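Have the model open while you read, and click along as you go.

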Amino acid sequence: MTDSSQEKKLKLADGRTLAYATSGNPSSTTVLLYLHGAFTIGETSRVSRVIASKNVHDVRPTLPGWGNTSPPFPSTSYVDCLTSDMTALLDHLYPDNERDIKLYVAGGSFGTVPAQMLYGAAYDKFPYGRSIAGVLLMSAISPLRYHKDYAKHLSWSNYFLIGPIMQWLPFKGFFVNLVKFTMMRKVSTVENAELFLRELLFDKMDDIEKEEYAKWRAKEGVAEGETEKRMAANVVRSVATSWEGFKLTSSVLHSDWGFRPDSLDEGHSRPLVTLVTTPGDKVAPAALSQYLAGTYQNTKLKTLHGGHLGVLYHLDDIWEEFLAGVE
């Protein structure tokens with residue numbers, strides 16, 4: 001097994017750059033493709049012991065516009081950019097396999113959006129879609145153009161970031177640039193980003209979640225503050241090159257993802273979609289996962305205690321269940 005946590009860069013046919021990291025067995029044709037959330041990057045500095053124990057190639061790309069991955073060209077939709085990028089990456093990693101791999105697609109928070117785009121993509125857009133064996137959506141976000149009641153479940157801050165108001169042309173650019181201006185100072189250094197994350201997530205834990213977090217740190221041998229610093233460092237890296245990933249977020253959530261979630265054919269509906277959510281998540285409310293669980297044809301919904309970080313403390317169990325068929 002290898003741990004190639006150092007970032008790699010793939011020059012794409014369109015001249016753009018795709019950054020990614022890998023771990024595990026690069027010769028394995030069982031591939032875990034993990035798609036990250038907002039304000040982070042694809043990296044493998046800390047991999048679950050469950051993933052490390054499996055004969056799997058763990059591939060973690062950085063999404064368009066974040067970190068060192070180029071944003072989509074203005075003439076290219078996000079979904080077309082994504083399917084093209086991921087096809088190119090898998091072709092690069094498996095040049096001699098005639099696209100014969102077993103693919104597990106997973107995502108967290110915003111990363112569940114590109115994960116769903118790949119899951120539902122037409123096979124001529126994403127040929128590896130035929131190879132998908134399972135989909136894992138942790139703290140999922142639903143396709144907002146079809147989930148008509150999504151705005152009811154948003155916090156006020158998220159309402160102004162991704163709610164209906166963001167689709168009104170007079171407000172679209174104004175609010176994005178306002179938030180960007182506010183955020184730039186908050187994430188200008190690792191120290192500032194850590195303070196921001198504590199205020200946004202860690203300080204909002206209830207007593208039960210704080211206890212679960214402490215138990216998880218003890219089990220994993222993680223020093224107090226280590227997770228916060230690692231996450232903060234990735235926040236800084238995610239916007240060090242550009243803010244295009246952030247600026248695209250709202251429009252991507254409201255865009256055409258390339259399919260209707262209630263109209264997928266039998267082939268696309270074959271893989272099980274596992275959803276994991278928490279009742280206290282203000283970033284990706286549980287109602288969005290519940291909508292997906294009731295809309296996709298082949299789903300399993302798991303609800304854990306806690307807020308947006310609640311999934312973190314159960315990752316080993318989640319990966320073990322998701323990759324149960326992998327030795």
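1. Searching the whole structure turns up 2 cavities of 30 Å³ or more. Bear in mind that this is a predicted model.

2. Start with the largest cavity, which holds about 40 Å³ of space. Its lining is made of Thr274, Val276, Lys302, Ile318, Glu321 and Phe322. Two elements give two or more residues each to that lining, strand S7 (272-277) and helix H12 (315-322). Helix H12 gives the most, with 3 residues. Sorted by class, the lining comes out as 3 nonpolar, 1 polar and 2 charged residues.

3. Then there's the second largest cavity, with a volume of about 30 Å³. Around it you'll find Tyr119, Tyr123, Gly129, Ile132, Gly267, His268, Arg270 and Pro271. That lining splits into 4 nonpolar, 3 polar and 1 charged.

4. How many of the residues of H3 are buried? The count is 9 of 9, and the helix is mostly covered.

5. On to the nonpolar packing. The largest nonpolar core has 75 residues, and Leu103 and Phe126 have the most contacts inside it. Helix H2 gives the most to this core, with 7 residues. Apart from this core lies another one, of 17 residues, and among them are Val50, Leu136, Ile318 and Trp319.

6. What does Leu103 touch, leaving out residues up to four places away in sequence? The list is Val31, Leu33, Leu90, Phe126, Tyr128, Ser131, Ile132, Ala133 and Gly134. Phe126 is the other residue named for the most contacts in the core, and Ile132 also lines the second largest cavity.

7. Last, a look at an open space. The second largest pocket has a volume of about 200 Å³. It is lined by 14 residues, and the closest to its centre are Pro72, Thr76, Ser77, Tyr78 and Leu248. Helix H2 (78-93) and helix H9 (244-254) are the elements that give two or more residues to this lining. H9 gives the most, with 4 residues. By class, the pocket lining has 8 nonpolar, 4 polar and 2 charged residues.

Technical notes:
Residues numbered from 1 in each chain as written. Predicted model: local features only at pLDDT ≥ 70, side-chain atom pairs only at ≥ 80, totals over all residues. Heavy atoms only, no water. 1 Å grid on protein atoms, 1.4 Å probe; cavity = no way out; pocket = protein on both sides within 12 Å on 5 of 7 lines; lining within 4 Å. Points joined across faces, edges and corners; volume = space filled by probe spheres on them. Nonpolar A, V, L, I, M, F, W, Y, C, P; charged D, E, K, R; others polar. Core = buried A, V, L, I, M, F, W, Y, C linked by side-chain atoms within 4.5 Å. Buried < 20%, exposed > 50% of the residue type's maximum accessible area, 1.4 Å probe, protein only. Contact = heavy atoms within 4.5 Å.
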